[in-house]
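Reader: I would like to walk through this structure step by step. Can you show it to me?

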Amino acid sequence: MAVGNLLKGLGGGKRADAGTMHADPALRARVLDQFDAAGIGWIWGTDRDGKLIYLSERAAEKLDRPMPDLIGRPLEELFEIDMESPERESSRPIHFQIKAQKKIREQVVRFSLGKSAQDVRQTWWSLTGYPVFAENGDFDGYRGNAADVTSEYERKLVDSRLADFDSLTGLINRHNINRQLDSTLAGFGSQNRALALLMLDLDKFKRVNDTLGHQAGDELLVQVAERLTGIVGTRGKVARLGGDEFQVMIPDEDDRGKLGEMAEKIIQILSQPYPLEDEKRAIIGASVGIAIAPFDGQTREELVRSADLALYAAKNGGRGQFRFYASDLKDEEEVRQNIIDEMREALENDQFRLLYQPVVSIATGEVTCLEALIRWEHPEKGTIAPNMFIPIAEESDIINVLGEWVLRTACETATTWPRSVRVAVNVSAVQFANPGLAAVVANALAHSGLAADRLELELTESIFVGDTDETEKAFKRLKDLGVRLALDDFGTGYSSLSYLRGAPFDKIKVDRSFVDSCTRKDRNSAKIIAAIVGLSNALNMETTVEGVEAFDQLEVVKAQGAKLVQGFLYSRPITPEAVQENIASGEFRIEPDGPDTYRPERRSVYRRVGAIHEDYYYNAVMRDLSSVGAGIEGIVGVELGTQLVLDMGEGQLAVATVTRSDGDRVGLEFETPLVNDGAGGLCTRHRVSPYTIAAAGLPASPGTAGPTEGKRDQSKPKFLEVAVGQSGVAASSQAA
């Protein structure tokens with residue numbers, strides 16, 4: 001199409017005043033041809049279908065494409081909005097703009113036809129176009145001009161990248177991820193879609209900077225970014241916020257099972273050794289906090305705060321862990337400080353005691369070792385499990401004082417046992433890193449008179465997170481004393497065969513997580529146990545398999561070559577007095593006694609919950625909980641096979657079937673197993689939005705509604721609701 005013919009469209013079919021000079025089509029065509037030739041800009045036009053009908057020859061030359069390849073193609077096929085554009089947030093795709101038949105104003109686009117690896121460089125144009133209409137009002141296409149803005153635009157891209165990306169790792173930065181969080185949450189809110197946010201903090205990173213230098217620290221951060229990007233892939237966005245803080249955004253994900261698995265994988269992968277320059281190597285750890293919108297926050301500020309609190313809880317829980325946000329995390333710092341203060345009082349008032357769990361020979365039933373396990377007998381709170389206070393003790397100086405007390409007490413107690421029975425004492429990574437540990441052990445042995453080879457120190461793989469030279473020195477100091485060393489929880493942390501090659505271990509303890517699933521055909525746990533046993537034999541080390549609780553598990557680990565086991569099938573942790581009674585009765589042997597088949601442990605709890613049946617909501621109390629079921633009380637007359645929905649609060653609804661009904665006590669089996677919440681507890685994979693809960697007429701949280709407030713309509717309840725107190729049934733009432 002000639003320029004003159006194209007100009008007819010610019011006038012919309014209307015004739016200009018014949019008396020004016022620029023009404024002459026020939027003159028106007030000549031001026032525009034000169035404009036084209038000068039390279040100031042180019043003319044383009046489309047038909048009503050958006051196909052290119054005219055383009056300046058100089059423009060085709062600039063694109064290095066023959067004109068026949070361009071004319072007749074849809075404009076949106078030739079040009080696209082650059083998704084890396086600094087202005088991309090305010091730019092709609094070309095086909096949307098053309099379809100709207102509105103003016104296109106200086107829209108920066110990228111030439112997209114024939115993109116390939118052979119393209120030397122990309123070309124960006126600025127397009128301006130005006131819709132034209134025929135005399136009858138029909139849309140007749142676009143007429144416009146274009147200019148090459150490649151050089152200017154590339155400078156903008158560089159400036160934008162500096163503003164939006166981390167210069168060290170190449171990841172998006174805090175400013176960029178904040179913008180994406182804001183826009184994503186705004187779009188997802190109206191559609192009730194989920195968005196997960198993971199906050200990451202590197203453990204022991206400061207030690208790398210202090211011991212190996214900041215250049216090594218930077219090199220490590222680059223590798224961390226690469227590993228994170230590999231784990232997350234296309235499922236989400238990874239950002240570096242600064243220092244050793246990272247953030248991961250996962251759209252459309254609220255499955256806490258999958259998120260927990262991702263967090264565990266992140267912790268595992270980031271905790272593997274990092275090769276650095278000059279043949280140096282660094283080992284760090286990672287902690288992860290997880291929050292999910294809209295449950296844990298509906299704005300960026302709320303979601304980030306929730307993820308921060310979860311991260312803080314993970315770090316206080318002992319590091320190398322993940323936590324999901326929960327509403328009770330708000331008082332985490334206050335609770336932590338209270339526990340520290342109470343532990344100091346407990347040490348002064350002799351509130352700690354040791355129990356001992358036997359390690360038994362499968363072949364003979366003979367007890368070969370007793371593992372010392374600390375318990376805290378609080379005068380008001382009762383027995384406090386070690387996982388509730390040991391991680392907090394490790395964050396302060398209390399762990400060394402507490403550890404010394406355990407060593408001295410265990411050694412003194414073991415002197416009353418037969419010489420064939422050893423005592424095992426757990427040593428945390430914090431204690432191991434203390435240069436004075438060997439002296440503490442030597443003093444405990446000397447004070448008690450216990451032979452050094454009867455003391456077994458159990459170390460976890462986390463001891464390798466630190467300076468390799470210092471770790472080797474610590475090993476030598478302990479082995480020079482003559483004590484035995486055991487690698488505890490093998491296979492769950494920073495496992496590396498190089499550790500076993502270089503570290504002087506006498507025993508490997510197989511973590512109970514492999515035993516829990518060793519009878520399942522869909523898992524490789526039995527093969528892993530066999531591999532660890534074979535590895536130990538090859539290295540002349542003993543192997544103890546932990547967590548054996550049923551005969552079917554015992555048969556599996558026995559078939560894999562295990563000779564020593566520890567678990568409830570033989571004995572729970574027992575008091576020193578019970579140990580003495582067994583010794584006094586003759587040879588210290590234990591026969592296995594327990595269930596034929598293993599089922600996940602049910603934990604005793606006291607937790608107010610709701611039970612939904614058809615259109616009625618009942619208040620109840622949960623008494624025990626496992627991943628596959630629960631026991632509740634407070635409802636009478638429930639038949640076997642009845643399907644209930646258990647409301648555990650904060651949007652956690654679990655579909656369950658009644659498998660046991662005895663008076664007001666009901667046993668439930670979950671349709672979908674619960675998952676690890678990162679804090680040693682259990683949670684549902686998914687949660688129900690607070691909007692959905694409100695729309696369904698459910699109480700905001702279990703136990704808050706009275707007998708009639710929980711009712712969603714006027715249907716008659718089928719069961720009798722019983723009020724239950726801490727000490728049992730308090731009163732009965734008809735739940736209608």
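**Overview**

Author: The protein has 24 helices and 33 strands. Helices (H or I, at least four residues) and strands (E, at least two) are DSSP runs, numbered from the N terminus. This is a predicted model, where local features need pLDDT of at least 70, side-chain atom pairs count only at pLDDT 80 or more, and totals for chains, interfaces and linings use all residues. Residues are numbered from 1 along each chain as its sequence is written, and side-chain values use heavy atoms, with hydrogens and water left out.

Reader: What percentage of the residues in the protein is buried?

Author: Buried means under 20% relative accessible area, exposed over 50%, and partly exposed in between (1.4 Å probe, protein chains only). The protein has 736 residues, and the buried share of them is 49%.

Reader: What share of the contacts with a separation of 6 or more comes from residues 24 or more positions apart?

Author: Contact means heavy atoms within 4.5 Å. Take the contacts in the protein with a separation of 6 or more; residues 24 or more positions apart account for 63%.

**Strand β1**

Reader: How many residues of strand β1 are buried?

Author: Strand β1 covers residues 42–46. W42, W44 and T46 point one way, while I43 and G45 point the other way, and all are buried. In a regular strand the side chains alternate between the two faces of the sheet. β1 is largely enclosed by the rest of the structure, because its buried residues number 5 of the 5.

Reader: Which residue takes a positive phi in the hairpin of β1 and β2?

Author: Strand β2 (residues 52–55) runs antiparallel to β1, with 3 bridges joining them. T46 stands opposite L52 of β2. The hairpin has 5 residues between the strands, and the one with a positive phi, near 85°, is G50.

**Helix pairs**

Reader: At what angle do helix α15 and helix α17 pack?

Author: Two packed helices are described by the angle between their axes and the distance between the axes. Axes are lines fitted to C-alpha atoms, for helices over the stretch in contact, and angles run from 0 to 180 degrees between N-to-C directions. For α15 (residues 398–414) and α17 (residues 437–448), the axes are 9 Å apart and the angle is about 30°.

Reader: Are α15 and α17 roughly parallel or roughly antiparallel?

Author: Angles under 35 degrees count as roughly parallel, over 145 as roughly antiparallel, 65 to 115 as roughly perpendicular and the rest as oblique. The angle of α15 and α17 is about 30°. The two helices are therefore roughly parallel.

Reader: How many nonpolar residues are in the contact of α15 with α17?

Author: α15 brings E404, L407, R408, C411 and E412, and α17 brings V440, V441, A444, L445, H447 and S448. Ala, Val, Leu, Ile, Met, Phe, Trp, Tyr, Cys and Pro count as nonpolar, Asp, Glu, Lys and Arg as charged, and the others, Gly among them, as polar. This contact has 2 polar and 3 charged residues, and its nonpolar residues number 6.

Reader: At what angle do the axes of α8 and α12 cross?

Author: N178, L181, D182 and L185 of α8 meet R300, L303 and V304 of α12. By class, this contact has 4 nonpolar, 1 polar and 2 charged residues. The axes of α8 (residues 174–189) and α12 (residues 300–316) come within 9 Å and cross at roughly 115°.

Reader: Is L485 buried or exposed?

Author: L485 is found in strand β19 (residues 484–490). Residues that L485 touches include L457, F475 and P504. Its relative accessibility is 0%, so L485 counts as buried.

Technical notes
Two strands pair if DSSP finds at least two bridges between them. Lists of a residue's contacts leave out its neighbours within four places in sequence.
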